[in-house]
Amino acid sequence: MSHSATKVRRTVAALALFAAAAALTGCGGSSSPATGAAPNADRAAAAEGVSPDVNLDQCGKPTRTVKHDLGTTTVTGNPTKVVALEYSFVDALVAVGMSPVGVADDDQPKRIIPALREKVGPYKSVGLRATPNIQVITALKPDLIVADSGRHKAIYAQLSKIAPTIAYASLNGNYQQVLDSEMSTAIALNKCDEMKTRLAEHAKTMADLKAVAPADESRKALFVRASDKGFTGFPPKAYTPGVLAVIGIKSPLPDESGDASVSLTLETLVATKPDVMFIAPNDGPTLRDTWAKSPLWKEIPAVKNNASYDVDPNEWSRSRGLIASEVVAKEAVKLLYGK
């Protein structure tokens, strides 16, 4: 392996050591829609995918052969008109000083979190992340498309006819996979050095936040999405628990199911005994409001000890990416330690 490859992998590995549980990826499990998840979301955690290591030797080449979860794509020159079909890929562009021409933003531009939005220029919405509008993407005449390898597998061939398309796990990818996808995206963009610098900055930011947590921190924090019909928990292999693990906060859920999310009943939640809960509620009444009327709710340690916090679902769940993970980690540290 080259010196450049070793350096990048050390940067990524430094984060992986903090979040070993998050770096594990599952393959099996249920494929039924997750309660409260986006339309067509598959609950199974993403497969391991392609490490950016295999692409590092392409850095700086005028024509780059980029391996990704759905195949191999040739990218020539320096793409400038890029369509991002997940928020984490918008993050990848911003990380190297670029902005997308098109974004699958669910027709809700406010879902792009403030910390990212201020760095994103004008763009055209290409519709829903689950079912992006092929005609609108075509009209933009992009020179690169970055897609989700799970969500967009069925339309990958169509996308590839429009422009070179690379695909990585975002929706059900874990924290490490998000870091890996950002590096591989940068290679496709011919922005290797910029991403190496940004990943190094990210590693330092997360290490500094981890240093804030007491060395003897033993509380376990459950991250959940609350909707009107469901209370969805995320096990260690999911993205957000992986971010929390980096700063020393573990999940109380088991990690052997192979699922990126699990539907919780009130009884299961009580049995899980989370010391802390970070709850990302949908707008309007949620199942949590009903459960809060039950005596069982008050038996949950996080509720009993006043350690249940509402957080923004856009920042904590939908966005993902380097900026989003830093936002999540900083807010967790502030809520838990007042710093």
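This is a predicted model: local features need pLDDT of at least 70, side-chain atom pairs count only at pLDDT 80 or more; totals for chains, interfaces and linings use all residues.
## A walk through the fold

N55 is buried, at a relative accessible area of 0%.

If you set aside the neighbours within four places in sequence, N55 is in contact with V50, T65, V66, K67, Y168, S184 and I187.

How many disulfides does the structure hold? There is one, and C59 and C192 form it, with their sulfur atoms 2.1 Å apart. In case the term is new to you, a disulfide is a covalent bond between the sulfur atoms of two cysteines.

Why is this disulfide called left-handed? The torsion about the S-S bond of C59 and C192 is about -90°, so the disulfide is left-handed. As for how covered its two ends are, C192 is buried with a relative accessible area of 6%. C59 has 22% relative accessibility and counts as partly exposed, because the cut-off for buried is under 20%.

**A parallel sheet**

Now for the sheets. One of them is an open sheet of five strands in the order β5-β4-β3-β6-β7, and its pairing is parallel. At the edges stand β5 (124–125) and β7 (165–168), each with a single partner strand, so one side of each is left without a neighbour in the sheet. As a general point, strands of a sheet pair through backbone hydrogen bonds, either parallel or antiparallel.

Take a closer look at β6. On one side, strand β3 (residues 82–84) pairs with β6 (residues 144–148) over three bridges, and V82 has L144 as its bridge partner. β6 is also joined to β7, by four bridges, with D148 and Y168 as bridge partners.

Is β6 mostly covered or mostly open? It is mostly covered, with five of its five residues buried. L144, V146 and D148 point one way from β6, while I145 and A147 point the other way.

Helix α3 (residues 87–95) lies across β3, β4 (102–103), β6 and β7, and it runs at about 140° to β3. Helix α7 (residues 175–189) packs on the sheet as well, touching β3, β6 and β7, and its direction makes about 170° with that of β7.

**A mixed sheet**

Another open sheet of five strands has the order β10-β9-β8-β11-β12, this time with mixed pairing. Its edge strands are β10 (262–263) and β12 (308–310), which each pair on one side only. Strand β8 (residues 221–226) runs parallel to strand β11 (residues 276–281), and six bridges join them. One example is A221, whose bridge partner in β11 is V276. Helix α14 (residues 321–337) packs on the sheet, where it touches β11 and β12, and its direction makes about 130° with that of β11.

Here are the strand pairs again, side by side.

| Strand pair | Bridges | Direction |
|---|---|---|
| β3 and β6 | three | parallel |
| β6 and β7 | four | parallel |
| β8 and β11 | six | parallel |

In soluble globular proteins, nonpolar side chains tend to be buried together. Here, the largest nonpolar core has 63 residues, and L116, M195, L244, I247, F278 and W316 touch the most other members. Which element gives this core its largest share? That is α14, with ten residues. Apart from this core lies another one of 16 residues, among them A226, L264, V270 and L287.

W316 is worth a visit. Leaving aside neighbours within four places in sequence, W316 is in contact with F223, T240, L244, F278, V311, V328, E331 and A332. Two of those names, T240 and L244, are among the buried residues of α9.

Finally, look at helix α9 (residues 239–246) itself. Eight of its eight residues are buried, so α9 is largely enclosed by the rest of the structure. Just after α9, G248 takes a positive phi of about 90°.

Technical notes: Residues are numbered from 1 along each chain as its sequence is written. Side-chain values use heavy atoms; hydrogens and water are left out. A disulfide is a pair of cysteine sulfur atoms within 2.5 Å. Buried means under 20% relative accessible area, exposed over 50%, partly exposed in between (1.4 Å probe, protein chains only). Contact means heavy atoms within 4.5 Å. Helices (H or I, at least four residues) and strands (E, at least two) are DSSP runs, numbered from the N terminus. Two strands pair if DSSP finds at least two bridges between them. Axes are lines fitted to C-alpha atoms, for helices over the stretch in contact, and angles run from 0 to 180 degrees between N-to-C directions. A nonpolar core is a set of buried Ala, Val, Leu, Ile, Met, Phe, Trp, Tyr and Cys residues joined through side-chain atoms within 4.5 Å.
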